[in-house]
Amino acid sequence: MLLTFAGGSTVTQSLRSRWHGGCFCAVVLRCLTCCLLLALAGCNRAPQDRGKAPAPSSKVFSTNIHGPDRLVSVKSQTESSRGGPLRVTCVSCHSARGPRKMPKQASDLKEFHVGFVFQHGNLECSSCHDDAEPHRLLHLATGERVEMPQAMRVCAQCHGPQKRDYDHGAHGGMNGYWDLSRGSRVRNNCVDCHDPHKPAIPQSAPVLPPRDRYLEHAAPNHAAAGAATHPSASESVRNP
Amino acid sequence: MTEQASPQNTGRRRALKVLGATLGATAFAAAMEPLKAWTADLTLDQFLQRHYRELTKDQLEAVLRRVESDTKAKYGKDVHCEDVRPMEGVEFGYALNLSVCIGCRKCAEACHHENNHDRRTNNSYIRVIEMEQGSLDLEKGNTTYDHAVPAPGKYYMPVQCQQCDNAPCVKVCPVQATWKESDGIVVVDYDWCIGCRYCEAACPYHARRFNWEAPEIAAEDINPEQSYLSNRIRPQGVVEKCTFCLHRTRKGKLPACLEACPTGARVFGNLLDPDSEIRWVLENKRVFVLKEELGTKPRFFYFFDN
């Protein structure tokens with residue numbers, strides 16, 4: 001009987017949302033009704049422990065660093081069949097004709113790379129690019145040549161704190177598994193997020209503006225203020 | 001003396017009987033009143049469903065299948081709803097680098113899609129607050145900015161459930177529909193929640209959301225990988241919250257907001273693993289928690305690079 005009553009009271013809790021008010025007598029009677037319904041439904045079995053998932057074991061899966069297209073190709077003005085600009089690998093031009101003598105600054109470029117913007121401290125092209133094969137090789141401060149996909153070694157020479165944080169998983173985005181005993185992880189390359197020629201993350205329009213009910217009245221003023229300063233950004237945000 | 005029942009006495013006895021019968025009938029009708037609340041979308045099983053933690057394996061299985069069939073009936077989508085239990089030896093922690101967050105709200109968007117939020121309200125468990133550099137005054141923050149980011153002189157602070165170890169929301173729940181699990185995640189049994197919103201009022205981080213209406217979401221937009229305690233489509237009139245994507249993280253995956261972050265501002269992992277990324281951040285960065293003075297003991301940490 002005690003068990004039945006306990007069951008009845010818990011169900012009563014779940015029903016509070018569907019009941020509105022009522023005197024004490026009514027509550028007691030409802031409780032009794034529930035007891036009856038419960039007894040009929042036979043819901044008084046004891047709950048079982050459903051246990052836990054096993055603990056992470058040895059880290060058998062690997063962490064791979066993404067190899068961005070940017071390191072081996074450039075955007076062309078041709079539209080690709082999947083949309084967006086078609087990318088052309090560096091070697092597709094440079095292997096045929098061989099690179100010219102490397103210029104000192106981006107503004108010295110005369111063909112193809114014309115209009116190229118460089119904003120990365122006081123570096124020169126040759127600070128990172130290899131003299132002989134600038135499209136394929138980089139070099140470290142020691143003179144050691146490194147292949148383009150190993151660009152992170154070049155970045156790390158100056159950006160020590162970022163490299164340290166990266167090595168400990170505290171800088172740079174990633175995808176996949178936090179638990180390497182269950183699956184692998186792909187980490188972003190420096191160059192995935194930072195254009196090596198202009199590494200500051202550019203401004204962008206934020207996505208998904210909140211549409212809370214209480215904001216409905218406040219929104220127009222704010223939108224107007226935003227539109228006044230950044231018309232293009234606010235427009236694109238409000239038309240998802 | 002024995003056989004002296006007068007017509008007066010008989011009348012009173014009958015009147016009492018009638019009164020008793022009327023009261024009995026009225027009481028019975030009142031007791032049966034909840035049955036009137038039964039509608040087409042409330043089955044006997046739902047009506048009698050017990051608290052999540054009291055469900056046996058078989059009962060839970062039936063509940064999960066019912067969630068799937070309900071979603072199919074209401075939203076026209078085949079989904080897979082499961083019960084993902086905490087992992088042994090795992091307690092989750094989350095850290096966010098305020099130096100690199102650019103306020104793009106991609107995390108909020110990822111949450112919106114991952115957790116099957118209402119599409120009309122752009123609901124998300126994450127609010128990104130635009131703050132004045134040099135200030136930590138949340139009251140002066142702005143969550144509705146819609147200009148290019150990062151704006152000069154500002155920094156951005158995404159706020160979601162802090163999965164407090166001393167959670168005020170759990171304490172105030174009158175029906176224990178919300179509780180803390182062994183891996184540190186605070187969850188809600190949406191079928192047990194009575195919608196009183198006490199927890200929403202108690203949360204100092206404004207991290208809980210109330211479903212004023214049943215979420216509106218197109219079948220093709222529904223994330224079919226669901227779990228009972230996290231991203232299944234919530235019913236109307238219940239409170240919901242961030243669960244660190246437990247349907248992902250309890251299977252070893254990273255939370256959706258972390259994967260969406262384009263700057264890598266977010267660090268997630270197991271606090272009990274001394275080699276984890278989150279432990280490195282806690283041990284090597286100047287970490288702080290929001291509203292520490294309230295004693296909520298959050299599991300969500302913020303830090304600046306320098």
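The following exercises, with worked solutions, concern a predicted model.

Residues are numbered from 1 along each chain as its sequence is written, while chains are lettered from A and ligands numbered from 1 in the order in which they are written. Local features need pLDDT of at least 70 and side-chain atom pairs count only at pLDDT 80 or more, whereas totals for chains, interfaces and linings use all residues.

**Exercise 1. Chain A as a whole**

Task: State how many helices and strands chain A has, and what percentage of its residues count as buried.

Solution: 
- Helices (H or I, at least four residues) and strands (E, at least two) are DSSP runs, numbered from the N terminus.
- By these runs, chain A has nine helices and seven strands.
- A residue is buried if 20 or more other C-beta atoms lie within 10 Å of its own, exposed if 12 or fewer, and partly exposed in between, with C-beta atoms placed from the backbone.
- Of the 240 residues of chain A, 17% are buried.

**Exercise 2. Backbone exceptions in loops**

Task: Locate A:Leu208, B:Asn122 and B:Pro150, and state the backbone feature of each.

Solution: 
- Most residues other than glycine have a negative phi, and most peptide bonds are trans.
- A:Leu208 has a positive phi, near 45°, and sits in the loop between α7 (190-193) and α8 (219-229) of chain A. It is buried because it has 23 C-beta neighbours inside 10 Å.
- B:Asn122 also has a positive phi, near 55°, in the loop between α4 (106-114) and β3 of chain B. B:Asn122 counts as partly exposed because it has 18 such neighbours inside 10 Å.
- B:Pro150 is joined to B:Val149 by a cis peptide bond, with omega about -5°. The loop holding B:Pro150 runs between β3 (127-132) and β4 (154-159) of chain B.

**Exercise 3. B:Val175**

Task: Is B:Val175 buried or partly exposed, and how far is its C-alpha atom from that of B:Cys193?

Solution: 
- B:Val175 lies in the loop between α5 (168-172) and β5 (178-180) of chain B.
- With 18 C-beta neighbours inside 10 Å, B:Val175 is therefore partly exposed.
- B:Cys193 is 18 residues away along the chain, and the two C-alpha atoms are separated by 7.4 Å.
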